[in-house]
Amino acid sequence: MTVTDTRPATAAAPARRTGRWIDDWRPEEPEFWESTGRGVARRNLIWSIFAEHLGFSVWLIWSVSSAFLVSMGFSYTPQQLFLLVALPNLVGSVLRLPYTFAVPKFGGRNWTMVSAALLLVPTLGFAVAVQNPDTPFWLFCLIAATAGLGGGNFASSMANINFFYPSDKKGAALGLNAAGGNLGVALIQLFLPVIIGGAGIFGLVKAAEGGISLERAAYVYAGLAIVATLAAYFFMDNLTSAKSKPREQLQVVKEKQTWVMAFLYIGTFGSFIGYSAAMPLLIKLNFWVPDPAPLGTGIYFAYFAFLGALVGSATRPFGGWLADKYGGARVTLGAFAGMIVSTLAVLWTLTQLTPNPGQSPAIADDNQSWFPWFLAFFLCVFAATGIGNGSTYKMIPAIFRTQAERATPAGTAERSAALHAGTKKASAAIGVIGAVGAIGGFLIPIAFSSPWVDQPMDATKGAFVVFTAFYVVCAVVTWAVFLRKPHATKAHTSLANAGI
């Protein structure tokens with residue numbers, strides 16, 4: 001039943017039906033947006049960020065906890081630990097596509113409730129498994145794979161928020177939404193060692209003396225998942241205008257621009273999530289002193305592992321803001337340039353290190369002297385990935401909006417219908433692009449643990465060489481497709497110089 005509002009049209013609240021469905025939603029109309037739309041959109045954005053944040057935390061819970069399994073009595077090899085880190089990323093990337101389709105099928109609010117409740121599966125499974133040293137490795141792999149449910153949350157959250165905001169606000173809104181989710185990676189890496197009693201923050205807070213209890217972190221996030229489910233139930237909305245059929249959504253796979261953006265997103269988000277997952281083990285392999293020591297007497301991975309994800313999350317909304325101001329393609333090209341330079345700088349610091357199979361104290365001290373440079377340059381890489389993440393997600397709705405505007409006359413009903421269809425296409429494309437891009441989170445940890453390279457340090461150096469070359473290709477694609485001046489005969493169809 002539609003709620004009738006007697007207030008003037010410029011101040012009318014969006015009409016709702018039972019189950020918090022909003023029937024009247026016109027974000028592109030300035031009067032509607034300023035009077036009522038902005039507040040509703042902001043409320044949904046806040047709780048979407050909270051639920052997505054938890055999803056990312058659960059998704060990356062293995063990035064840190066795997067390093068503590070041996071201390072708890074699990075006799076797993078480094079290759080097995082890397083697999084536990086990589087599996088959630090693989091599953092999360094696959095789930096992003098169906099999660100995107102779930103928003104128009106069930107409603108953004110409804111699916112946020114379901115996706116938040118599903119986080120109980122990986123968290124409670126994790127809590128039970130880590131308390132039994134006899135848990136077989138295959139079961140750990142299965143439980144780690146279910147953590148990918150948290151990775152799917154990103155796609156559904158972004159697709160949902162895309163419908164709430166007008167085109168000139170999408171970059172900042174999607175950037176904030178994604179940054180709040182990405183921040184879950186940093187916080188799980190910062191607080192998990194503290195919660196489980198494995199380390200204090202930066203060594204300034206003393207670690208617990210009662211031993212490591214990984215299940216504590218799982219119970220904390222299971223409780224937060226329940227809170228997120230209830231918050232979505234009470235404070236979020238579904239949009240009738242966001243309805244579409246999966247077959248209609250899948251039409252975006254036929255769009256060339258969908259695959260161009262998916263390729264670029266591997267370079268930005270794939271790098272962010274892959275480096276975030278691998279960073280704890282990278283520090284441990286190259287700089288770690290075996291016994292957790294006070295700051296200044298050794299490099300302990302748990303003190304620094306969260307910084308990369310924190311920086312990448314913080315710069316993501318900045319990338320969205322820059323894209324709103326200067327255009328997504330220009331900012332994306334600048335982000336790839338920054339990634340190329342910073343990755344080469346990281347590679348340079350690694351060439352200064354000496355392999356230390358004998359654990360010589362002198363060699364260890366010399367290698368650790370390079371750690372501040374390694375960390376600083378690596379954080380620059382993370383900052384560039386965050387900016388690129390924000391700018392690429394601004395480009396996606398801009399591409400489909402531009403195509404709709406070119407295909408229809410201004411000020412007509414056909415233009416309005418085309419713009420609405422373009423928003424639906426953009427939300428569907430977000431799922432496809434997010435799914436493909438997240439595969440980088442699986443490939444990067446695997447690249448760092450190449451079994452065919454004898455020295456782990458050599459594998460790391462080789463991986464960074466490959467990554468640098470890939471970023472060069474991404475930069476060239478960005479310039480060629482979206483920024484170079486098109487030939488006169490193709491100017492009306494090319495997206496180059498279209499302000500994407």
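Trainee: How much of the protein chain is buried?
Mentor: This is a predicted model, so keep that in mind throughout. Buried residues make up 57% of the 500 residues in the protein chain.

Trainee: And what about the accessible surface?
Mentor: The accessible surface of the chain comes to about 19800 Å². Carbon and sulfur atoms account for 67% of that surface.

Trainee: How many helices and strands are there?
Mentor: The protein chain has 19 helices and three strands.

Trainee: What about contacts along the sequence?
Mentor: Take contacts between residues at least 6 apart in sequence. Of these, 80% join residues at least 24 apart.

Trainee: Let's talk charges. How many salt bridges are there?
Mentor: The count comes to nine salt bridges. In general, side chains of opposite charge can pair when their charged atoms come close.

Trainee: Which residue does Asp237 meet in a salt bridge?
Mentor: Asp237 meets Arg20, at 3.2 Å from N to O. This pair links distant parts of the chain, 217 residues apart. Asp237 is in the loop between helix 9 and strand 3. Arg20 is in the loop between strand 1 and strand 2.

Trainee: Are those two buried or exposed?
Mentor: Asp237 is buried, because its relative accessibility is 0%. Arg20 has 23%, so Arg20 counts as partly exposed.

Trainee: How accessible are Arg401 and Glu405?
Mentor: Arg401 is partly exposed, at 27% relative accessible area. Glu405 is partly exposed too, at 30%.

Trainee: What does Arg26 pair with?
Mentor: Arg26 forms a salt bridge with Asp24. The closest N and O atoms are 2.8 Å apart. Arg26 is partly exposed at 27%, and Asp24 is partly exposed at 25%.

Trainee: New topic, rings. How many aromatic pairs are there?
Mentor: There are 43 aromatic pairs. One of them is Phe74 with Phe140. Their ring centres are 5.1 Å apart and their planes are at 85 degrees, so the pair is edge-to-face.

Trainee: Where do Phe74 and Phe140 sit?
Mentor: Phe74 is in the loop between helix 2 and helix 3. Phe140 is in helix 6, and the two are 66 residues apart. Phe74 is buried at 3% relative accessibility. Phe140 is buried at 0%.

Trainee: Which ring does the charged end of Arg316 sit over?
Mentor: The ring of Tyr393, 5.2 Å from its centre. Arg316 also touches Asn389.

Trainee: Tell me about Asn389 then. Where is Asn389, and what else does Asn389 touch?
Mentor: Asn389 is in helix 16. Asn389 is buried, because its relative accessibility is 0%. Leaving out residues up to four places away in sequence, its contacts include Asn182, Tyr265, Thr268, Phe269 and Phe272.

Trainee: And Ser57, buried or exposed?
Mentor: Ser57 is buried, with 0% relative accessible area. Ser57 is in helix 1. Beyond its neighbours within four places in sequence, Ser57 is in contact with Gly184, Ile188 and Tyr221.

Trainee: Last one. Is Val466 buried or exposed?
Mentor: Exposed, because Val466 has a relative accessible area of 54% and the cut-off for exposed is over 50%. Val466 lies in helix 19. Val466 and Ala447 are 19 residues apart in sequence and 9.5 Å apart in space, C-alpha to C-alpha.

How values were computed:
Residues numbered from 1 in each chain as written. Predicted model: local features only at pLDDT ≥ 70, side-chain atom pairs only at ≥ 80, totals over all residues. Heavy atoms only, no water. Phe/Tyr/Trp six-rings, centres within 6.5 Å; stacked < 30°, edge-to-face > 60°. Helix = DSSP H or I, 4+ residues; strand = E, 2+ residues; numbered from the N terminus. Buried < 20%, exposed > 50% of the residue type's maximum accessible area, 1.4 Å probe, protein only. Lys NZ or Arg CZ within 6 Å of the ring centre and 35° of its normal. Contact = heavy atoms within 4.5 Å. Areas by Shrake-Rupley, 256 points an atom, 1.4 Å probe, with all protein chains shown as cover. Salt bridge = Lys/Arg side-chain N within 4 Å of Asp/Glu carboxyl O.
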